[in-house]
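Here's a quick tour for anyone meeting this structure for the first time. Have a look at the sequence and the model, then read on.

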Amino acid sequence: MTESHQQRRLTTILAADVFGYSRLMAENEEYTLRTLKAYRGIIDRLISRHEGRIFNTAGDSVLAQFDSAVEAVRCAVAIQEELRV
């Protein structure tokens, strides 16, 4: 009988979205979209800097994959710090 070797890979997923996005869109769609575009530039840069890879986006959400849980947490903290207003 041949032994099958299954390769396993650990990964960490970072999921982020905008708090109150629907409300913000209802209040001022143009401003919200402009702000979201600026924030996405920051988020994308930080994910890349922390060796992550964006694998899905939809509206205000971003899903990113990291090989390191530590880097995923560091990235999440950096995003929160940089976007804090």
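## Around His-50

His-50 touches Phe-66, Glu-71, Arg-74, Cys-75 and Ala-78, leaving out residues up to four places away in sequence; contact here means heavy atoms within 4.5 Å. With Glu-71 there's a polar contact as well, 2.9 Å between the two side chains. That term stands for a pair of N or O atoms within 3.5 Å; within protein, one must be able to donate a hydrogen and the other to accept it, and residues adjacent in sequence count only if both atoms are side-chain atoms.

Is His-50 buried or exposed? It's buried, because its relative accessible area is 13%. The cut-offs are under 20% for buried and over 50% for exposed, with partly exposed in between (1.4 Å probe, protein chains only). You'll find His-50 in the loop between α2 and β2. Helices (H or I, at least four residues) and strands (E, at least two) are DSSP runs, numbered from the N terminus.

## What you're looking at

This is a predicted model, in which local features need pLDDT of at least 70 and side-chain atom pairs count only at pLDDT 80 or more, while totals for chains, interfaces and linings use all residues. Residues are numbered from 1 along each chain as its sequence is written, and side-chain values use heavy atoms, with hydrogens and water left out.

For background, most residues other than glycine have a negative phi.

## The sheet

Now for the strands. Three of them make an open sheet, ordered β1-β3-β2, with antiparallel pairing. The edges are β1 (12-16) and β2 (52-58), each of which pairs on one side only. On average, neighbouring strands of this sheet are turned by 20° against each other, direction ignored. Axes are lines fitted to C-alpha atoms, for helices over the stretch in contact, and angles run from 0 to 180 degrees between N-to-C directions. Two strands pair if DSSP finds at least two bridges between them.

How many bridges join β1 and β3? There are five, linking β1 to residues 61-66 of β3 in the antiparallel sense. Thr-12 stands opposite Phe-66 in β3, and Ala-15 stands opposite Leu-63. β2 and β3 form a hairpin with two residues between them, and Gly-59 in the turn has a positive phi of about 60°.

## Ala-16 in β1

Ala-16 belongs to strand β1. It's partly exposed, because its relative accessible area is 25%. Leaving aside neighbours within four places in sequence, Ala-16 is in contact with Asp-60, Ser-61 and Val-62. Ala-16 and Val-62 are 46 residues apart in sequence, yet their C-alpha atoms are 5.3 Å apart in space.

## Helix α2

What's the length check on α2? At 1.5 Å a residue, its 21 residues should span 30 Å, and its end C-alpha atoms are 30 Å apart, which agrees. The expected span is 1.5 Å times one less than the number of residues.

The buried residues of α2 are Thr-32, Thr-35, Leu-36, Arg-40, Ile-43, Leu-46 and Ile-47. They cover an arc of only 150° around the axis, so they're on the same side of α2; the arc is that of the directions from the helix axis to the C-beta atoms. These buried residues pack against α1 (21-27), β2, β3 and α3. The face turned away from the buried side carries the exposed residues Glu-30, Arg-34, Lys-37, Ser-48 and Arg-49.

Asp-44 is another residue of helix α2. It's partly exposed, because its relative accessibility is 29%. Asp-44 and Arg-84 are 40 residues apart in sequence and 16 Å apart in space, C-alpha to C-alpha.
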